[in-house]
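Here is a short report on core packing and helix contacts. Please view the sequence and model first.

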Amino acid sequence: MKSRFVTQLLLPLLAATALAILVHLWWAADGFFLNLAAGFVGSLVTVGYIDWILRRHEEDRWSDADSRISSRLKILANSTVTGIRVAFGYKTDIFDRRAMASGDSEVMHAEVMRVAIHVLSPGAEAHVTSLNQAQWKSFVSHLHQSSIECGIMLDRFGHRLQPNTIATLLDLQHHLESAQTFWQVFPDIAGVPADQLPQTKTPPEELQAAWCEITARAVRNVLEAATQLAAIA
């Protein structure tokens, strides 16, 4: 709305005002063009004020809903990180005790994001490699559910989200889907012990290692996108 106001109304009126003033300097015409320029300026002030009032009214009208949407985005970011933390075998003692005992939701939320970037992300490859088949199944189930939640947020509230928030949600969903690819394509290799790997054209150990690395990279991207979503929510 703001962009359309600038391009379709503000700029044309400014151009018309400047043109009227230039014509007045060349041909006074008893002040006609100067009065015309003043009229354009008056229109700009009036329309700009009305636009500001309408936008303020719209923001006030949606303030409670926007607050709740923001809360849901933070819950999505937190739950995404939490699922990865649990899949990697970390318990709640990984968090700073003072932060989690503070009772301040913002402090606790920030601590979850700190763990995502500084603890979970650096160790992603080692933990992905150590997952057994049962753990892989649980891990992918969580990733799939978070991906669905991204879609729900976009479908239900996309019209109220800022473009950068939509882009971040789409990135998060993409990385969540990418992190599931190994299990979806090679469920008979993901998490299988080395002595039980099936025979493949590519040595199965190399195939497994390569896909674990790819998955770990996707998981790191998931964690980064989740923290970005939490920051802008």
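## Nonpolar core

The largest nonpolar core holds 49 residues. Such a core is a set of buried Ala, Val, Leu, Ile, Met, Phe, Trp, Tyr and Cys residues joined through side-chain atoms within 4.5 Å. Buried means under 20% relative accessible area, exposed over 50%, partly exposed in between (1.4 Å probe, protein chains only). Most contacts inside the core belong to V81, I84, F88, W136, F139, L169 and V219. Helices supplying at least two core residues each include α2 (32–87), α6 (133–157) and α9 (204–232). Helices here are DSSP runs (H or I, at least four residues), numbered from the N terminus. The top contributor is α9, with 12 residues.

V219 contacts I84, F88, A124, V128, F139 and A179, leaving aside neighbours within four places in sequence. Contact means heavy atoms within 4.5 Å.

## Basis of the model

This is a predicted model: local features need pLDDT of at least 70, side-chain atom pairs pLDDT 80 or more, while totals for chains, interfaces and linings use all residues. Residues are numbered from 1 along each chain, and side-chain values use heavy atoms, without hydrogens and water.

## Helices α6 and α7

The axes, lines fitted to C-alpha atoms over the stretch in contact, come within 9 Å and cross at roughly 155 degrees. The two helices are therefore roughly antiparallel (over 145 degrees). Among the contact residues are L143 and L154 of α6, and L169 and L176 of α7.

## E205

E205 lies in α9. E205 is partly exposed, at 44% relative accessible area. E205 touches A194 and L197, not counting residues up to four places away in sequence. The C-alpha atoms of E205 and A194 are 6.7 Å apart, across 11 residues in sequence.

Note on methods: Axes are lines fitted to C-alpha atoms, for helices over the stretch in contact, and angles run from 0 to 180 degrees between N-to-C directions. Angles under 35 degrees count as roughly parallel, over 145 as roughly antiparallel, 65 to 115 as roughly perpendicular and the rest as oblique.
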